[in-house]
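Dear colleague,

Please find below the structure that I am handing over to you. My findings follow directly after it, and I would be grateful if you could read them alongside the coordinates.

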Amino acid sequence: MKQVGKGIAKIDGMDIATGRPVYTEDMIPPNTLVIKILRSPHAFAKIKSIDTAEAENLDGVECVLTYKDVPNIRFTLAGQSYPEPSPYDRLILDEIVRYKGDEVAVIAATDEKTAALAIDLINVEYEVYEPVIDFEEADSHQSTVHPENDLHCNFDIGMKKENNIACTHKVQVGDIEEELKKCDVVVEETYYTQAQAQAMMETYRAYSYFDHTGRLVVVSSTQIPFHIKRQLARSLEIPSSKIRVIKPRIGGGFGGKQTGAVEIFAALVTQKTGKPAKIVYSRKETFTCTNSRHAMRLKVRLGADKEGNIKAYDIQGLSDTGAYGEHAPTVFSVAGEKTLPLYNKTNAVRFMGNVVYTNKMPAGALRGYGATQGTFALESAVNKLAKKLNMDPAEIRLKNIINEGETCLTYNGKLLGSSTLRQCIEKGKELINWNEKYPQKELSNNKVRAVGMAVTMQGSGIAGIDTASAGVRLNDDGNFTLLIGSTDMGTGSDTILAQMAAEVLETSIDNITVNAADTDVSPYDPGSYASSTTYVTGMAVVKAAEDLKKKIIKCGAHLLEVSPQEVEFDGKNISATNNTITLKKLAELMVLGIGKQQLVGNATHGSDVSPPPFVAGFAEVEVDKETGKVDLIDYVAVVDCGTVINPKLARIQVEGGIVQGIGLALYEDVKYGKKGGLQTNSFMTYKIPCRKDIGNIRVHFEESYEPTGPFGAKSIGEVVINTPAPAIAHAVYNAVGVTIKSLPITPEKVFMGINK
Amino acid sequence: MQIETTINNKKVTLEAANDEFLADTLRNYGLLSIRQGCDTSCCGLCTVWIDGKPTLSCSTLAFRAQGRSITTIEGVQQEAKKFAEVLVAEGAEQCGFCSPGFIMTVLAMKNELNHPTEEEIVHYLTGNLCRCTGYMGQLRAVKKYLEVK
Amino acid sequence: MLKILDLVQPESIDEAYKVLTESHKSAVLGGCAFLRMGSKTINTAIDLSKLDLNYIREDNDYIEIGAMATFRDIETHPALKEHFNGVLPKSVNNIIGVQFRNVVTVGASVFSKYGFSDLITALLALDTEVELYKGGRMPLAQFMEESLQKDILTKVFIKKTGRIASYQSLRNSSSDFPILNAAVSKLDNNWLVVVGARPTRAVIATNASEKLSNGEDISNSAKAAAEELSFAGNLRGSAEYRKAMCEVLVKRAATEVMQCR
Ligand SMILES: Cc1cc2nc3c(=O)[nH]c(=O)nc-3n(C[C@H](O)[C@H](O)[C@H](O)COP(=O)(O)OP(=O)(O)OC[C@H]3O[C@@H](n4cnc5c(N)ncnc54)[C@H](O)[C@@H]3O)c2cc1C
Ligand code: FES
Ligand code: FES
């Protein structure tokens with residue numbers, strides 16, 4: 001292969017690196033209205049009265065909108081294929097406010113200072129309710145976060161809103177209690193994973209305007225342009241045909257921008273005023289008023305025989321979705337979906353539990369999407385089991401993991417198409433020098449070095465649901481345009497998809513222009529999430545390119561007056577035995593004269609499986625026994641993402657994901673006060689890892705070949721965040737014998753554990 | 001108020017409010033490479049040089065540019081491109097939102113430190129947060145860039 | 001959003017002080033990293049740029065630091081690297097990043113007596129004096145005890161006594177505020193133990209200092225520091241943990257001092 005497998009530089013790399021104005025905010029035209037939002041100071045309250053007159057009279061204020069000014073139609077901001085599994089539990093502005101920071105009024109003014117002034121002039125009287133803060137008390141709480149009657153679910157997700165239960169979920173195969181009883185050993189533990197902030201560097205932002213045909217155009221830093229379009233159509237009662245959503249370069253998303261945080265407000269103001277309007281969230285708003293990872297409590301019971309054969313496991317979860325149910329059912333079910341298949345020599349498995357509403361910022365999508373939470377719990381339990389049986393944790397995994405060609409209880413007989421997880425574990429052991437370093441080594445000066453490990457799987461796209469389309473056009477000059485609707489948020493997916501098209505068309509990516517994403521132009525794509533772009537959109541691109549290639553050959557043959565079987569296409573020429581035509585010439589001829597047709601390849605692709613990528617992660621830590629401080633020395637990640645389409649970009653994906661996982665493990669914690677106020681609303685209080693926090697990270701690929709993927713590829717974007725938390729927790733245990741059951745692993749927790 | 005300053009080697013007069021910070025003034029002036037990632041002086045995205053020193057433009061009041069020399073990445077494109085090429089070859093720019101501030105800090109380091117060690121490099125660049133890359137690729141790129149030159 | 005209505009750049013410190021005291025809601029501008037985070041409205045902001053306070057200089061007896069010197073200046077100044085085992089550079093060089101340290105100023109940091117301050121803890125362990133326009137020159141320890149008044153901190157003086165010093169801090173993420181910090185120094189047999197970020201402001205642990213000065217062993221003295229000081233809890237750590245860490249950090253700092261002969 002000439003393009004696939006090459007570490008090609010990103011097509012937009014030089015421009016974004018050197019500061020070209022290619023992001024949403026850089027494109028906002030002058031004289032655009034500035035939007036600010038008045039937010040609820042209470043975690044739970046009803047607006048008794050709201051007086052906007054004074055604010056509206058302020059010079060420069062264009063409009064002040066409250067719940068009285070918006071359609072009474074509930075919807076979800078979750079970016080998911082229609083019909084969305086997330087409950088329709090929101091209004092653009094509601095009479096009831098459900099968390100500190102919930103929107104009360106939308107102000108648009110000619111400049112920021114005026115908008116800020118206007119906010120202070122709005123008088124609101126609230127009837128304050130008792131908020132539900134602790135998610136473990138939500139189901140029995142006297143308050144009901146969503147008392148409204150018009151809340152709608154597209155599916156039966158098991159909502160019991162009077163108990164604050166947004167949804168319930170249960171997957172069980174076999175008789176779990178019976179099988180656990182039969183086991184020689186059963187380990188049981190309850191783990192807590194915290195809410196985590198996506199903390200992409202570019203905060204949420206969008207602007208909107210009416211174009212020359214009166215259509216609403218929204219430019220947004222979003223992962224989901226097509227879903228945004230649908231959300232706007234529903235919530236603002238605008239025909240979908242009258243809306244266009246454009247995505248420029250995105251300054252990071254990590255799932256956060258899979259939820260429509262700001263677009264609706266810009267669109268609403270443009271709709272009401274007819275004027276261009278922009279909304280740019282501050283970092284504080286981004287931390288306080290958007291979404292974060294679902295915090296969960298996960299109780300694991302894991303049973304095995306004396307030899308360490310895992311026979312049954314049960315995970316019972318509780319998930320905190322905050323004030324609204326964006327991604328509530330799916331994040332939760334993924335926690336089970338990506339853990340139950342991992343160890344497949346079982347007789348029974350179960351994953352079940354509730355997702356509850358609380359009066360805190362809503363949760364949403366964040367890289368890993370539940371699998372991260374589930375992995376921490378399951379892998380911590382497996383490490384505990386290994387200890388109990390006095391077995392090497394790597395051995396116990398090698399004994400129990402699912403292998404290529406095997407099935408598992410939850411796969412309904414389907415077989416795992418590809419996996420090198422076994423090799424990943426072996427290679428990781430070798431790279432970290434496991435046999436020598438496990439479990440620990442005392443150093444002088446009260447420090448101890450230790451290693452720990454975890455394995456994980458994710459998916460590639462959403463099986464049977466997410467479907468992507470792609471188009472490849474042969475332009476008049478003999479170059480190609482690749483039309484896609486996926487949303488490169490820095491991952492390099494535009495480049496990778498171009499590599500795939502180039503491979504099929506036997507050209508180089510210099511000859512391919514990538515156009516994405518604009519709902520007026522791009523073929524439909526759900527957007528970049530669920531680790532789908534390389535796998536699902538990638539396959540659509542391959543098929544579209546193949547379609548075009550066929551057409552080129554057919555057309556070339558026609559011009560050469562031979563049958564298609566008699567010609568060859570090498571990327572430059574279409575040749576028969578004694579005649580040849582260049583692609584350039586062909587392209588030229590196809591747009592000249594009568595009876596011609598410009599050649600375009602099209603394809604739509606969805607997959608009925610979501611093949612899992614795998615990672616084996618190994619951490620080496622140094623723990624200061626006197627302070628409990630954990631320093632990460634070395635992290636080895638060995639990855640099976642199928643065929644590596646672009647090794648350079650894949651490696652950075654892994655490194656970036658590992659560091660985000662390190663953040664989850666050691667530093668990051670979305671914390672609320674007793675009354676529901678967010679305490680971590682800046683980078684001063686919410687610490688993402690900086691350069692000094694991460695030690696060394698080593699990445700290795702053990703390629704497999706996924707038969708259903710483009711060129712054998714699976715996904716990589718999400719799976720890489722899952723192992724650091726359990727692997728580091730394991731290393732800490734091996735160092736000082738302290739079991740960390742609730743993330744993050746702070747020095748204080750370790751110290752208290754040592755001195756218990 | 002009026003501020004007489006030098007931006008990217010050009011003498012200019014800017015208009016700014018008393019409480020306006022340089023990052024906004026520079027963006028208004030058309031230097032759109034200036035990005036801001038926080039409101040608490042923590043991220044380093046807004047790094048520019050003031051009299052050659054890497055400085056947070058988000059926390060420097062605009063009037064303090066008076067009589068001084070401001071450099072943004074627009075003013076050092078040639079050198080920025082040299083480093084960016086190494087960075088991009090490493091795949092170590094992802095969303096790129098942090099890149100201008102990061103590159104300005106790397107170039108300042110190159111001017112300030114002679115043959116820095118890896119530890120010194122990491123120390124110098126710690127104030128530049130990046131949520132995408134995991135830092136390792138950036139470090140590889142910086143090491144390559146400094147050795148090459 | 002910080003609001004500044006009027007801005008003055010006095011040519012003399014007298015004038016600066018006059019504006020500060022005469023106008024209601026006036027404030028001196030340091031590097032503004034802290035000021036910008038508030039939503040204060042300053043009627044008259046006083047910029048000290050024209051007063052030549054941005055310097056660090058050394059004479060035979062003192063190292064003198066102007067109020068507008070930045071943390072980066074402290075970090076890179078040769079004299080400060082050389083004296084007192086480089087505790088001052090060490091105390092500040094973990095704070096956020098180079099571009100941040102090129103902004104924040106010594107005067108603002110010392111004057112504000114921030115509880116978390118790394119610089120104050122290190123300075124307190126040295127023979128440091130501060131000069132205030134109105135309050136005059138006084139030992140830093142004395143200044144720390146006084147209640148905050150409208151004044152302008154102009155200079156910091158550190159006597160070149162040849163103190164041996166060590167600085168320790170414990171942080172979770174390395175660019176975070178300290179969970180606790182400590183500095184220990186020794187001049188002949190006179191020891192000073194300082195603990196800060198408790199999370200309230202740094203103080204001298206007098207018992208512990210005395211014990212060390214009397215030749216008691218380090219662990220006992222470190223324990224004494226943990227016993228005599230008060231600690232509280234916040235986002236970064238509980239009181240109980242801080243107390244335990246006090247003992248560890250003081251012990252480490254004292255041990256390091258002991259080892260420097
Ligand atoms: C994100 C962040 C992280 C930080 N982390 C740490 C840390 O880990 N350790 C640490 O020690 N510090 C830390 N700091 C504090 C920092 O080091 C400075 O101490 C702080 O920013 C104040 O300095 P400034 O120059 O920005 O002051 P400014 O914000 O300009 O002023 C602060 C106050 O001092 C007053 N003031 C300024 N100059 C004078 C003067 N000469 N005389 C009298 N009053 C004056 C101002 O009116 C104002 O009230 C942190 C700050 C931030 C923003
Ligand atoms: S914008 Fe974050 S430090 Fe300047
Ligand atoms: S590349 Fe996205 S923040 Fe650095």
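In this predicted model, 11 residue pairs, both members at pLDDT 80 or more, are in polar contact across the interface of domain 1 of chain A and domain 3 of chain A. On the side of domain 1 of chain A that touches domain 3 of chain A, α5 (225-236) and β11 (243-246) of chain A each contribute at least two residues. By class, that side of domain 1 consists of eight nonpolar, nine polar and five charged residues.

Four salt bridges are found across the interface between these two domains. Separately, a salt bridge joins the side chains of Arg215(A) and Asp520(A), with an N to O distance of 2.8 Å.

As to the extent of the interface, 22 residues of domain 1 of chain A contact 21 residues of domain 3 of chain A. The two domains bury about 1600 Å² between them, and carbon and sulfur atoms account for 48% of that area. Of the area that domain 1 of chain A buries against domain 3 of chain A, 37% comes from Gln223(A), Phe226(A) and Lys247(A), more than from any other three residues.

For orientation, the domain assignment divides chain A into domain 1 (17-129 + 199-288), domain 2 (417-443 + 613-756) and domain 3 (462-606). The C-alpha centres of domain 1 and domain 3 of chain A are 37 Å apart.

With kind regards

Terms used: Residues numbered from 1 in each chain as written. Chains lettered and ligands numbered in written order. Predicted model: local features only at pLDDT ≥ 70, side-chain atom pairs only at ≥ 80, totals over all residues. Heavy atoms only, no water. Domains from an automatic or database assignment. Contact = heavy atoms within 4.5 Å. Buried area = accessible area lost by both parts, 1.4 Å probe. Polar contact = N/O pair within 3.5 Å; in protein donor to acceptor, adjacent residues only side chain to side chain. Helix = DSSP H or I, 4+ residues; strand = E, 2+ residues; numbered from the N terminus. Nonpolar A, V, L, I, M, F, W, Y, C, P; charged D, E, K, R; others polar.
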